[in-house]
Amino acid sequence: MTTHTTGEAAARSPRERLLASADELFYSEGVHTVGIDRVIEHAGVAKASLYRLFGSKEELVAAYLGARHEQNLAELRTAAERLPDPRDGILAVFDTQARWLRRRTYRGCAFARASAEPATGAQVQRATDTYRAAVHELFKDLATRADVRDPEMLADQLDMLFHGAGVLVVSSSSRRSRLIASTRAAAETLIAAA
């Protein structure tokens, strides 16, 4: 039994412990595979806490994805905003993604994985759609500030490249480094053509 009830973890609220356990287990093993009892045991909280805080497994999954959304978008925005030129900001988004893709623990996009599993509910799909829309909006904002001819078109292209890269890297792990470099090069080409 692995619980998070010692040290720093014990100081966290039951909600924080449940979300941390959900993030670790759902991401590494899959939403469908991991049952509620396993999340509760891993978090070291009572079953009643889960249902009081989240109501259902689907709500817990949506909350886990919501936390991932906030963290991912904060990292991407911070990287983009560090650079004065919005074109460089776009490339910084891809550089941030490249760091994620190089992690040994990377198993693909958490949103794509969760929404592709059997019996995905409306809340999970909504969380996935919201995340993808936020990434698209970030690209559109940067493209608009870069004063390209068609910011919406460039945002669509960058969005496809961004989300497709995660799928390709997972399915072709033997070519991971080459695919990551190719993704950034493709982004540069799209920006230059815009």
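**Exercises: helices and salt bridges**

From the N terminus on, the protein's elements run α-α-α-α-α-α-α-α-α-α. Helices here are DSSP runs of H or I with at least four residues, numbered from the N terminus.

This is a predicted model, where local features need pLDDT of at least 70, side-chain atom pairs count only at pLDDT 80 or more, and totals for chains, interfaces and linings use all residues. Residues are numbered from 1 along each chain as its sequence is written, and side-chain values use heavy atoms, with hydrogens and water left out.

**Exercise 1.** Find out which parts of the chain the D23 and R68 pair links.

*Solution.* Start with the rule: a salt bridge is a side-chain nitrogen of Lys or Arg within 4 Å of a carboxyl oxygen of Asp or Glu.

**Exercise 2.** Decide whether D23 and R68 are buried or partly exposed.

*Solution.* Grab the cut-offs: buried means under 20% relative accessible area, exposed over 50%, partly exposed in between (1.4 Å probe, protein chains only). D23 has 26%, so D23 is partly exposed. R68 has 17%, so R68 is buried.

**Exercise 3.** Work out how R145 and D141 are placed along helix 8.

*Solution.* First, R145 and D141 form a salt bridge, with their closest N and O atoms 3.3 Å apart. Now look at helix 8 (residues 122-145): the two are four residues apart there, so about one helical turn separates them.
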